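Dear colleague,

Please find below the structure that I am handing over to you. My findings follow directly after it, and I would be grateful if you would read them alongside the coordinates.

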Amino acid sequence: MRKFLIALILSAAFTSPPLQAQQDRFRKTPPNAEPLQLFRLPPIEIALLANEMAVGIVNRENHPLMSVELVVLGGESVSPETLPGLATFAGRMFGRGIQQFSAASIYEALDSMGGTLTASTTPDLTRISFRFLETEFDRAVALLGQMVLQPAFSEADANAVKLAATYGLQDLEKNLDYAAEAQLRRQLFENHPYWKSVFPRDGVRLWSVKDLAGFYDRYFRPNNVRLLVSGNRPLRTATRSILRALGTWPSKDVPTVPLAALPKPDKARMCVVDIPGAKDCVIVEGTTFPPLATADRFALAVLNHILGGTTNSRLFMNLRESKAYAYNAFSDVDIYKAGGVLAVHAQVTPDVVLESLREIGKEIETLAKTPVPSVEIELAKSYLIGRFPISLASFDAFSAAAAEVLANDAGDEFWSRYYDQVIAVSPESVFTTAQAVLTTPFVTIIAGDKAALTKRLAGLDEAYDVFDNQGRFQYRAAKDKKGAEDETRGVRSEFQRRTKQR
Amino acid sequence: MHRRTLMAKSSRRKAQFLLFLAVAALNTPALAAAEGLFSLTQYKLRNGLQVILSVDPALPLVSVVVAYNVGSVDESPGKTGLAFLMKNLMFSSGSENVPPNQHINYIHRVGGRFNASASEDKTVFYETVPATHLGLVLWLESDRMKSLIPTETAFAQARMDHLDDLRGRRKDEPFLESFWSFDQLVYSDFAHSHPLAGSEDDVQALTLEDAKGFYATYYVPNNAVICVAGSFDPLKAKEWIARYFETIPRGKDSGTSSEPFAPAKKQVVRTFEDATATAPAFCLGFSLGSPLSDDFSVLSLIDYILFRGRTSVLLRRLTNQRSSLMTPVRGVLEIRRDRVTYKIFVTANTVQNAEQYKDLIFAELAKLKTTLLNESEVGRFKALYKMDYLRVVASAEDRALYLAGSYLNRIPVETLPLELDRFLKITAIDVVGILNRYFRAENSVVLNIKPK
C-alpha cells in the first residue's frame with residue numbers, strides 16, 4: 001500500500017503541471033463581474049417661489065460640501081446679433097462687484113467660505129456655479145442674494161474681463177483642437193442664433209457696461225432662472241434661506257427669441273484653418289440634428305459610443321490601431337435646445353490626411369447603412385451604464401449634472417431612470433438613429449499648417465475654403481474655378497456686416 | 001506613425017494638493033483608532049505589499065491605486081528618463097495574461113477610467129470602475145506587477161514617443177530649460193536635480209535591458225502600496241487581494257538614504273539665458289528641510305497664505321487683482337522624497353520690473369515675519385485648505401490617491417482621518433515661527449531669467 005502511494009505521488013508529480021502553474025491558473029482570465037448594483041440617485045425636489053423662481057434641491061446627507069448653481073435660461077443665442085458674446089460677458093461679470101463692496105471684498109468673503117465662483121455659457125444657458133463649505137450655507141446664499149440684487153458693473157472690472165477674454169481667445173486660437181472645433185461651429189451655426197457662441201476676438205471690444213446692464217435686466221430674472229442646491233440641506237431649510245436672500249428679486253417678462261431647430265448642412269463641404277507652423281493637423285467632421293425624443297437621445301449615445309466614444313470604438317480601432325494614421329480618433333455629441341451636433345475628431349500628420357478622411361467617411365457610412373451587431377450594442381450599453389456613476393463621482397460633476405437636468409426640465413429620464421433608458425436601447429433604435437443622423441451632409445474642418453496641407457489636399461476633386469485661425473475667410477482653393485462668388489461667405493463676414501449696423 | 005500616450009495629465013494643482021495632504025500629517029501622535037472624516041483599514045501582505053482599504057458606499061464605484069516608491073530620484077547617471085518611460089511601458093507592454101495595450105481596453109469596456117503619473121519620487125497607477133468590476137482591476141494590476149513583458153518593439157515605441165515629446169517640449173514649452181536649470185541650483189545632488197523627463201542623450205541610449213532591470217528592482221510588492229476606496233465589501237476585497245497579490249514574490253529591498261537637512265547660509269544667485277523665455281522672469285526658492293519634519297503642516301498653511309485663493313498675500317500683490325488673466329506668477333510647495341522646497345516663479349515686463357517684484361516678495365515676507373495675521377485672515381486660508389481637503393476625501397479616487405501617497409511618504413496612515421482637525425489648530429504664531437526659520441534671504445536661491 002505504501003509503495004502504491006509513493007508511486008501515485010511520484011506519478012502525479014511527473015504528469016501534473018508544476019505547482020506554480022496550478023497556483024496561477026486563476027490568473028489566466030479576469031474574474032467574472034458581480035451582478036450590477038442598481039442605485040438610485042437622490043431625487044431632485046423642486047419648490048416654486050412666489051417670484052416664480054424654480055428651486056431644485058438634491059439633499060446629500062452628511063456631505064461636507066455644498067453647491068448652488070444659478071442657471072439663467074439664456075445663453076449666447078439671446079445675445080444681440082450685433083453683440084455676440086454678451087451673455088458670456090454677463091456670466092463672467094457676475095459677482096465681480098456689488099453696490100456696497102468691491103470685487104476684492106467679495107473675494108475675501110468667498111475665500112473665507114472656501115468658496116469658488118465660476119461661470120460658463122452655452123448657446124442655451126448661463127450657469128453660475130458657487131461651491132463652498134457646508135457650514136457656510138446661509139452666509140453663501142446671502143452673498144449670492146447680494147450679487148444678484150445689487151450688481152455693480154464697474155468699467156474697471158469690465159475692462160479686466162474683456163482683456164482676459166481677448167487674451168484667452170488669442171491663446172486658444174493657437175490650439176489645433178479649438179481652431180478646428182470653433183470653425184466647425186461657425187459653419188454649422190451659420191444661419192442660426194447659435195452662431196454667437198463662437199464670438200470672434202474682435203467682437204469683445206464691443207462689449208459695454210451699458211449693454212451688459214440691459215442684458216442683465218432682461219434675462220437675470222427669477223422667472224428665467226433655475227436654482228439648484230446640492231448638499232446637506234432638506235428642501236424646507238434650504239428654501240427658507242433662499243427665500244430670505246432672493247425672495248425680493250422681482251420677476252419680469254423676459255423677451256422670447258424664436259429658436260428654430262438647427263438647420264442641416266445643405267451639402268458636404270470642407271474648410272482648412274491655417275495654423276502656421278503646426279506639425280500635426282486636426283480633422284473635425286460634424287453635422288447637426290434636430291431635437292430628439294428621449295429614447296432617441298439614448299440610442300444616439302449608444303451610436304456615438306460605437307462610432308468613437310472610447311479607445312474600443314470603431315474610429316479608434318481603425319485609424320489608430322489598424323491603420324496607424326492617427327494619434328487619436330474619437331466622436332462626441334452635444335445636445336442643445338435646438339438640436340445637437342455630432343462630431344468626429346482625429347489628430348493626424350498631414351501626410352495621411354486624405355487617407356484618414358477616407359477612413360472616417362467609411363466608418364460613418366458603414367454605421368448609416370449596416371445595422372450594428374447586437375453584441376456591439378450590448379457592449380456599448382454596458383459602457384454607458386458603468387460610466388454613469390463615474391461621471392458623477394466628483395462633487396463638481398454631480399452638481400453640474402443635477403443643474404443641467406433641472407435647467408432642461410429633463411426630469412427623471414436623465415437622472416434616476418438613466419439605467420432604464422440605456423437598457424431599453426435596441427439595435428433597431430440605434431440603426432434608425434444612425435440613418436437619421438449620419439446620412440445628413442457633414443462639414444469637414446482640417447486645422448493645420450496650410451503649406452503642409454495644400455500638397456496633400458491637391459489630390460481632392462472638390463474645392464475647399466481656407467480660413468485663418470480667427471475664422472476669417474482667406475480664399476477658395478478650387479479646381480473648378482467656381483470659388484469667386486463664395487468669397488464673402490462665412491460667419492466672420494456676417495459678423496462684420498451685423499456689427500457695422502451699430 | 002508615431003503614437004502618443006493617451007493618458008490625460010492630471011491637473012497640476014490637484015496633484016500638488018494631493019502631495020500636500022500626503023505629507024501634512026507628520027507630527028500627529030499615533031492614535032489607537034482612526035476616527036474622523038472617513039474610515040480606513042490597513043495591513044501588509046507577507047510579500048511586503050501594503051494594503052489600504054477605505055469604504056464609501058455613496059456611489060456604486062470603486063477606485064484602485066497602485067503606487068510604487070520609485071521616481072527619477074532613483075535613476076542612475078546616464079539612465080535618466082527611465083522612470084517616466086517605465087510608466088508608459090506599464091500600459092503598452094503586455095503581461096503574462098494581458099496582451100499588449102489591452103489593459104486600457106479592459107478598463108474602457110466596463111465604462112471605467114484610468115490614469116497614471118510619474119514624479120520625482122513616485123509612480124502611480126489608478127483606475128475607477130463600476131463597483132462590480134473591482135476583481136477585474138485587481139487582476140489587471142497584479143498581472144503587470146507580477147509579470148510585465150516589455151518587448152523590444154514596445155520599448156522602442158515608448159522611447160521614440162518620449163523623445164518626440166521631450167523635443168517638442170524643449171522647443172515649445174516656455175521656460176522649461178530655466179526650470180531645469182533652477183533645479184540644479186536648488187538641489188546639489190544628481191538624484192534630486194536632474195529632470196524627470198531625462199536628457200535626450202540618455203533616453204536615446206536607454207535599452208530594453210535597462211527597463212527590465214528597473215522593473216525588476218522597483219516594481220515589486222515590497223516597494224508598493226495598493227489602496228482601494230469606494231463601494232465594496234472589505235472581506236471580498238481582502239480575499240481578492242490575497243489571491244492576486246500575495247502570490248507575487250517579494251523583490252529585493254531597494255533602500256533609500258537621505259542626507260540630513262542643513263539650511264543654507266548664503267544666498268545663491270545666478271542668471272540664465274533661455275531661448276524659450278517669453279519675458280524676463282525669475283525663480284526664487286527656499287529650502288525647507290524634510291517632509292518628515294514637524295514643520296510641514298505649517299508650511300502647507302503658509303503656501304495658502306502666500307499663493308492660494310484670490311486673496312493670498314503674494315498673489316494679490318503680484319497680480320492685478322481686477323484681472324482674471326492666467327497670471328504668470330505662481331508659488332508651490334514641492335516635495336522630492338526627502339526634500340521640501342518652496343518655489344516661486346514670476347514673469348515681468350522688464351528686467352527692472354523683475355527686480356521690483358523680487359524686492360516686493362522679500363518685503364511682504366518681512367511683514368509676515370513680524371506681524372501676526374489676524375484670526376479672520378488665518379481663518380480664510382484655513383477655509384480654503386479645508387475646502388480642498390474635503391473635495392479630495394469626498395471623491396473615492398482622490399481619497400485613494402491621498403492615502404497611497406501618504407503611505408509612500410512614510411506617514412502613519414491611521415492618523416489621516418484626523419489630519420484636518422490638526423491642521424485647523426495651527427495658529428498665527430506657528431506661521432510666524434516657521435516663516436522666520438526658513439524664508440530668509442540667506443536660505444534662498446535665485447535664478448534670474450533673460451530671454452535669449
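In this predicted model, chain B contains an open sheet of five strands, ordered β9-β13-β10-β12-β11, with mixed pairing. The edges are taken by β9 (268-274) and β11 (329-336) of chain B; each has a single partner strand, so one side of each is left without a neighbour in the sheet. From one strand to the next, the twist averages 20°.

Helix α11 (residues 296-307) of chain B lies across β11 and β12 of chain B and runs at about 165° to β11(B).

Turning to the interface, 52 residues of chain A are in contact with 50 residues of chain B. On the chain A side, the elements that give two or more residues are α4 (103-112), α6 (155-173), β9 (326-336) and α14 (374-391) of chain A. Of these, α14(A) gives the most, with nine residues. By class, the side of chain A that touches chain B comprises 32 nonpolar, 13 polar and seven charged residues.

With kind regards

How values were computed:
Residues are numbered from 1 along each chain as its sequence is written. Chains are lettered from A and ligands numbered from 1 in the order in which they are written. This is a predicted model: local features need pLDDT of at least 70, side-chain atom pairs count only at pLDDT 80 or more; totals for chains, interfaces and linings use all residues. Two residues are in contact if their C-beta atoms, placed from the backbone, lie within 7 Å. Helices (H or I, at least four residues) and strands (E, at least two) are DSSP runs, numbered from the N terminus. Ala, Val, Leu, Ile, Met, Phe, Trp, Tyr, Cys and Pro count as nonpolar, Asp, Glu, Lys and Arg as charged, and the others, Gly among them, as polar. Two strands pair if DSSP finds at least two bridges between them. Axes are lines fitted to C-alpha atoms, for helices over the stretch in contact, and angles run from 0 to 180 degrees between N-to-C directions.
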